[in-house]
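Subject: Structure for you to look at

Hello,

Here is the structure I promised to send. Please open it and keep it in view while you read the rest.

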Amino acid sequence: MSIYALEKALFDLNVDRPSKQRFRDDPVDFCSRYQLSDDERARVVAFDVRGLVDLGVNPMLTMGYWLELEGSRSLGGYIKRMRAAPEPVGGK
Amino acid sequence: MASVVGGFLAPHDPLMFSTPDAAPAGQRDAVSAAYAELGARLGRLDPTAVVVIGADHYVLFGPGCLPQYLLGIGDVDGPLERLPGLERGPMPTNPRLAEHIMGHGREHGFDWAVAKSITVDHSIGIPYALMVKPNGAIPVIPVYLAAGVEPLVPLSRAAALGRSIREAVESFPGDERVVVIGSGGISHWVGLADMGRVNEDFDREVIAHVEAGDIDALCAYGDADIVERGGNGALELRNFVCAMSAVPAVRGELVEYQAVPAWITGLGFLELVADGAAVAR
């Protein structure tokens with residue numbers, strides 16, 4: 001199931017150093033190792049944490065990967081992003 | 001004979017270490033004093049081992065293996081997270097008692113997942129550092145309940161597991177004096193849009209149930225209701241009911257409560273007092 005693949009990808013981004021580096025180098029390539037839909041991949045790459053939580057991803061994973069890898073690495077930024085309106089499903 | 005001589009419920013809020021100054025000085029001091037008080041009370045119980053019941057925050061166990069309840073039977077160190085002021089290191093253990101709890105469980109319907117070696121996270125590392133370690137080298141036995149990652153262990157099962165821990169201790173040959181710590185809560189929204197919300201009404205309600213020793217009332221909460229009123233972090237009530245069930249004829253004594261939005265949590269500190277007559281001797 002895709003939600004499980006999403007949790008696997010985000011878990012790896014929380015705890016596995018080589019995975020974090022691969023994501024920093026090329027997030028789309030990192031995501032290609034997991035069985036994600038185009039929409040799911042787009043949400044991971046865009047740090048659409050609200051969209052990921054809405055899909056059912058455990059929020060500890062979204063918060064962890066944000067703090068590890070998102071540019072600001074700030075909890076305030078994460079909460080702001082969580083409170084913003086969700087992005088349209090399907091991406092561009 | 002060995003017995004569970006008492007217990008405690010205490011939070012494990014990492015923001016106390018990562019952003020200590022975010023909270024008002026008065027609350028910071030009250031929380032520090034509460035940990036010191038629980039630590040002093042723990043010391044007065046003169047324990048020979050402490051069982052600490054924590055919750056994985058999706059950093060110890062991954063999607064490839066998610067235990068419902070896990071016992072550390074061998075080497076223990078931690079905490080895993082790097083938090084300022086919290087030193088990572090080995091913890092003293094009692095493998096004989098831990099293996100006995102495992103074996104007793106297996107004979108009575110609780111086939112524990114086990115860690116032969118475990119680096120605990122902050123949910124065990126913080127209560128250990130602030131309450132156990134100040135009393136010297138008391139062995140720690142870590143227990144993890146699935147309280148933060150689906151599928152969650154049912155509350156009633158957490159209570160039954162706590163009773164199993166107590167029965168296991170009471171069947172252990174020797175004079176062990178075991179203290180149980182339920183680590184967690186109370187209301188907090190972790191990684192959700194409501195992060196920073198604290199629901200003191202819910203927290204006070206939970207505290208009242210703990211004071212009354214009313215495990216059934218706590219087990220009667222539905223998970224959806226807990227998340228609605230106490231946030232996903234309050235699902236750690238599992239750790240409370242497990243610890244309470246491990247203490248003979250338990251009642252709770254509130255030591256401190258602080259609602260600290262800056263640390264995103266309603267922090268409750270309780271002693272679980274065993275009825276003296278019910279403590280096995």
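Below is what I found, one element at a time. Keep in mind that this is a predicted model.

Start with helix 6 of chain A, residues 59–69. Nine of its 11 residues are buried, so helix 6 is largely enclosed by the rest of the structure. Among the buried ones are Met60(A), Tyr65(A) and Trp66(A). What do the buried residues of helix 6 pack against? They pack against helices 1, 2, 4, 5 and 7 of chain A. Look at the N-terminal end of helix 6 too. Asn58(A) caps it. A side-chain oxygen of Asn58(A) lies 2.8 Å from the backbone nitrogen of Met60(A).

Next, helix 1 and helix 2 of chain A. They pack at an angle of about 105°, with their axes 6 Å apart. Angles of 65 to 115 degrees count as roughly perpendicular, so these two helices are roughly perpendicular to each other. Helix 1 brings Asp12(A), Leu13(A), Asn14(A) and Val15(A) to the contact. Helix 2 brings Arg17(A), Ser19(A), Lys20(A) and Phe23(A). By class, the contact has three nonpolar, two polar and three charged residues.

Now chain B. Strand 2 covers residues 49–55. Seven of its seven residues are buried, so strand 2 is largely enclosed by the rest of the structure. Both of its faces are covered. Ala49(B), Val51(B), Ile53(B) and Ala55(B) lie on one side. Val50(B), Val52(B) and Gly54(B) lie on the other.

Strand 2 of chain B runs parallel to strand 7, with five bridges joining them. Here Ile53(B) stands opposite Gly182(B). Strand 2 also runs parallel to strand 6, joined by six bridges. There Ala55(B) stands opposite Leu145(B).

Best wishes

Key:
Residues are numbered from 1 along each chain as its sequence is written. Chains are lettered from A and ligands numbered from 1 in the order in which they are written. This is a predicted model: local features need pLDDT of at least 70, side-chain atom pairs count only at pLDDT 80 or more; totals for chains, interfaces and linings use all residues. Side-chain values use heavy atoms; hydrogens and water are left out. Buried means under 20% relative accessible area, exposed over 50%, partly exposed in between (1.4 Å probe, protein chains only). Helices (H or I, at least four residues) and strands (E, at least two) are DSSP runs, numbered from the N terminus. Contact means heavy atoms within 4.5 Å. A polar contact is a pair of N or O atoms within 3.5 Å; within protein, one must be able to donate a hydrogen and the other to accept it, and residues adjacent in sequence count only if both atoms are side-chain atoms. Axes are lines fitted to C-alpha atoms, for helices over the stretch in contact, and angles run from 0 to 180 degrees between N-to-C directions. Angles under 35 degrees count as roughly parallel, over 145 as roughly antiparallel, 65 to 115 as roughly perpendicular and the rest as oblique. Ala, Val, Leu, Ile, Met, Phe, Trp, Tyr, Cys and Pro count as nonpolar, Asp, Glu, Lys and Arg as charged, and the others, Gly among them, as polar. Two strands pair if DSSP finds at least two bridges between them.
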